[in-house]
Amino acid sequence: MPLTSEEKDAFKRDGVVIRRGLIASELVHRATSLIDTWYRDLKPSDIPAYNQRTFAPELESHPDILALYRDTEAAELTTDLLGDTLPVASAQIQIRVPESEFPGMQPEKAMHVDGVSCPHLDPRELRTFSLLVGVVLSNVSSAQDGALHYQPGGHRTMTDWFRTQWSLGMTEQVPPEIDQQQGVPLLGSPGDVLLMHHLIPHSVGRNLTPFPRVMAYFRLSHPDHPRRRLEALRDPWLDYPPLTAIPQPILEME
């Protein structure tokens, strides 16, 4: 089912749309079985490197992982937002390990926008994209479950900051007013799908449950994005031609 006009309006306003139960349980089970088997051999010494890239790197291009995007309506929904996209060849598997099992190995991740001023990269290097598609692969019932925290409408603040105050090479990832916000936790069940604008600032909390929190992320790019990364930071709808005809939602005065 394509995105409704209400969902498109919400995406323009909030930068986020969530589709509940979009991925069939069979596809979820095949993916989680692979990840569960891999997790049994996880070593604490490997966690810092996985945090910066992906957990289970051997599985990032596995057909059963890619099927969460390629063989589902998630791929169709991205065309409602971006039109054409570059091919998706890999996924990022993100696991928030239980604090009780791996104490201190995954502190809270600060507010950031992916691919901008990454602490482990040269700050002059941009690894941006257009749209984040996140597939929930484990129950996340509270903010204490290692949930991703996002700031609805934060794409507008970030765009203004990138346009007027930020310059390539700065080490700050977000402006102070964004950094001080806690954000909204992404709660959900296996099979739920998050569609989130690249410019939405987000953080990740610690996992205080006994079980790993697992997400599969797919980073989608408009075909022209690689040659206009800086411009896309300053114009939130540059990569979203299907949405440019939709008027900007009127925001209520605070």
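## V214, a buried residue in a strand

V214 counts as buried because its relative accessibility is 6%, where buried means under 20% relative accessible area, exposed over 50% and partly exposed in between (1.4 Å probe, protein chains only). The residue is found in strand β9. Helices (H or I, at least four residues) and strands (E, at least two) are DSSP runs, numbered from the N terminus.

Which residues does V214 touch, leaving aside those up to four places away in sequence? They are I35, I93, Q94, I95, V135, V136, L137 and S138, with contact meaning heavy atoms within 4.5 Å. V97 and V214 are 117 residues apart in sequence, yet their C-alpha atoms are 8.7 Å apart in space.

## How to read this model

This is a predicted model, in which local features need pLDDT of at least 70 and side-chain atom pairs count only at pLDDT 80 or more, while totals for chains, interfaces and linings use all residues. Residues are numbered from 1 along each chain as its sequence is written, and side-chain values use heavy atoms, with hydrogens and water left out.

## The overall fold

Let's step back to the whole chain. The protein has 8 helices and 9 strands. Its C-alpha atoms fill a box of roughly 50 × 40 × 35 Å along the principal axes. The radius of gyration is 18 Å, which agrees with the value near 18 Å for a compact globule of 254 residues; the radius is taken over C-alpha atoms, and the globule rule is 2.2 Å times the number of residues to the power 0.38.

Of the 254 residues, 52% count as buried. Among contacts with a separation of 6 or more, 84% are between residues 24 or more positions apart. The accessible surface comes to about 12000 Å², and carbon and sulfur atoms hold 52% of that surface; such areas come from the Shrake-Rupley method with a 1.4 Å probe, and for residues only the protein chains shown count as cover.

Helix α4 (residues 63-70) has I65, L66, A67, L68 and Y69 as its buried residues. What covers them? The cover includes α2 (25-39), α5 (73-82), β2 (92-96), β4 (131-136) and β9 (213-220).

In the loop between α3 and α4 sits A56. Its phi is near 50°, a positive value in a residue other than glycine. For background, most residues other than glycine have a negative phi. Is A56 buried or exposed? A56 counts as buried because its relative accessibility is 0%.

Rolling a probe the size of a water molecule over the atoms shows where empty space is left. On a 1 Å grid over the protein atoms alone, a pocket is an open set of points with protein on both sides within 12 Å along at least five of seven lines, a cavity is a set where a 1.4 Å probe fits but cannot get out, and lining residues have an atom within 4 Å of a point. Grid points are joined across faces, edges and corners, and a volume is the space filled by probe spheres set on the points.

The largest pocket has a volume of about 1200 Å³. It is lined by 46 residues, and Q52, R53, Q92, D114 and R219 are the closest to its centre. Strand β9 gives the largest share of this lining, 5 residues. The lining divides into 21 nonpolar, 15 polar and 10 charged residues. Here Ala, Val, Leu, Ile, Met, Phe, Trp, Tyr, Cys and Pro count as nonpolar, Asp, Glu, Lys and Arg as charged, and the others, Gly among them, as polar. The second largest pocket holds about 320 Å³, and of its 16 lining residues E108, H149, Q182, S203 and G205 lie nearest the centre. Strand β3 gives the most to that lining, with 3 residues.

The largest has about 60 Å³ of space and 14 lining residues, with F129, H197, H225, A232 and D239 nearest its centre. Helix α8 (residues 229-234) supplies the largest share of this lining, 3 residues.

The second largest cavity has a volume of about 40 Å³. It is lined by V136, V140, A147, L148, L186, R213 and M215, which by class are 6 nonpolar, no polar and 1 charged. V136 is also among the residues that V214 touches.
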